[in-house]
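Please look at the structure below and follow it from its overall division to the surroundings of its ligands.

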Amino acid sequence: MAEQIAVLGAGSWGSVLANMLVENGHQVKLWSRNKEQVDQLNNDHVNPRYMHDFTYSTNLVATNDMTAAVKGATVVLIVIPTKGIRQVARKLDKVLGELDQRPLIVHATKGLEQNTYKRPSEMIAEEIDPMHRQGIVVLSGPSHAEDVAIKDMTAVTAACISLNSATRIQKLFSNNYFRVYTNDDVIGAEFGAALKNIIAIGAGALQGLGYHDNARAALITRGLAEIRRLGVAFGANPMTFIGLSGVGDLVVTATSKNSRNWRAGYQLGQGRQLDDVIEHMGMVIEGVYTTKAAHELSLKRQVKMPITDALYRVLYEGEDIKNAISQLMNRDLTSEIE
Ligand SMILES: NC(=O)C1=CN([C@@H]2O[C@H](COP(=O)(O)OP(=O)(O)OC[C@H]3O[C@@H](n4cnc5c(N)ncnc54)[C@H](OP(=O)(O)O)[C@@H]3O)[C@@H](O)[C@H]2O)C=CC1
Ligand SMILES: O=C(CO)COP(=O)(O)O
């Protein structure tokens, strides 16, 4: 059944998901805070800053006005980087209160909040009054915007404690190239999504330094072990980490040049400075911030995350990457299964 959907955030992922939902037959309004971008989307159907060489559906409507975007929407999809999601959710709460609407909320954000270590759904739950919304569904999995834009085959997870809500989103988003599975493990889906970006930076760095396949496979596998350890410490289902929002997303991000996190790591491996890498990416590199949050959280919870710790020292304490790798390889030998 066709629904009216508001998408908040017109970066690469928000805009491509909005376009796909239009093509799925829904009425979609895409909200951006950038006036020039809204004009480009409405007049020329392009979004050059975030998606080169991609033309959007002429049925996609963009707007700067959040009230206009949300009015009448039965579903609101939030695709804002972690840093901005609380602020946007607060604004959305106000708009929904004024409109007296109660849509289902979906988010596709991958990260943890700085200092509080909250997951995106926790920030949304804190900012949007339950009187102004239904449940919160997490949409996550191996899904580069660039591949979805060209209708490449993609499978993701809709995670929600309510199976009804997850199933509704599964049906809304699925089509013949985008297949959505359901999961009730919101904690696992969000930890998998956030933490894989740390390992993706590491994988890019290894490639930038000239390491090969064995090194990448070791990093991905041991990276997954520490992602699972932290997630399980917070109540995640261990099985989620061998699913799409776990190993699936980890593999795509840690092996693809489309990944901003992988590309950032590659450039660091080649000797570029972090500030320079961030400045020139022009899009969010979530893993840089998640590394700090996860490092602090692992210390607080006393969960061993040696790869995350090594990357934290490289990104935030200026340690040489080769030295960090040497320290990782020369730790006390241990068992694979703990
Ligand atoms: N790109 C991808 O393939 C995928 C991305 N994701 C996740 O989706 C989230 C968004 O990523 P992506 O779309 O790639 O990011 P981009 O960097 O491409 O775009 C971010 C968008 O969010 C907007 N934005 C940022 N902060 C705010 C704010 N405070 N208020 C309003 N708008 C804001 C930006 O607006 P402005 O231009 O004005 O700064 C821009 O439109 C991330 O958590 C990412 O990990 C998940 C799956 C795939
Ligand atoms: O999460 C993603 C793909 O699933 C996108 O990863 P990047 O942010 O590294 O591009």
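Helices (H or I, at least four residues) and strands (E, at least two) are DSSP runs, numbered from the N terminus. This is a predicted model, in which local features need pLDDT of at least 70 and side-chain atom pairs count only at pLDDT 80 or more, while totals for chains, interfaces and linings use all residues. Residues are numbered from 1 along each chain as its sequence is written, and chains are lettered from A and ligands numbered from 1 in the order in which they are written.

The protein is divided into domain 1 (4–184) and domain 2 (195–329), with bounds that come from an automatic or database domain assignment. The centres of the two domains, taken over C-alpha atoms, are separated by 26 Å. Where they meet, 23 residues of domain 1 are in contact with 22 residues of domain 2, contact being counted if the C-beta atoms of two residues, placed from the backbone, lie within 7 Å. On the side of domain 1 that touches domain 2, the elements giving two or more residues are α4 (82–99), β7 (154–159) and β8 (178–183), and β7 supplies the largest share, 4 residues.

UniProt, in an unreviewed entry, places the feature "domain: Glycerol-3-phosphate dehydrogenase NAD-dependent C-terminal" at residues 185–325; its positions are given in the numbering used here, feature names are shortened, and annotations may be inferred rather than shown by experiment. Over residues 185–325 the chain is 77% helix and 0% strand, and the end C-alpha atoms are 33 Å apart.

Where does ligand 1 lie in relation to the domains? Domain 1 and domain 2 both give residues to the shell around ligand 1, so ligand 1 lies between them. This shell holds 27 residues, of which G11, W13, G84, A145 and M283 are the closest; a residue counts as near if its C-beta atom, placed from the backbone, lies within 6 Å of the molecule or strand in question. Helix α4 gives the most to this shell, with 4 residues.

Turning to ligand 2, we find 13 residues around it, and S143, T253, S259, R260 and N261 come nearest. The elements that contribute two or more residues to its shell are α8 (186–209), α10 (244–255) and α11 (260–269), and the largest share, 3 residues, comes from α10. The shell around ligand 2 also draws at least three residues from each of domain 1 and domain 2.
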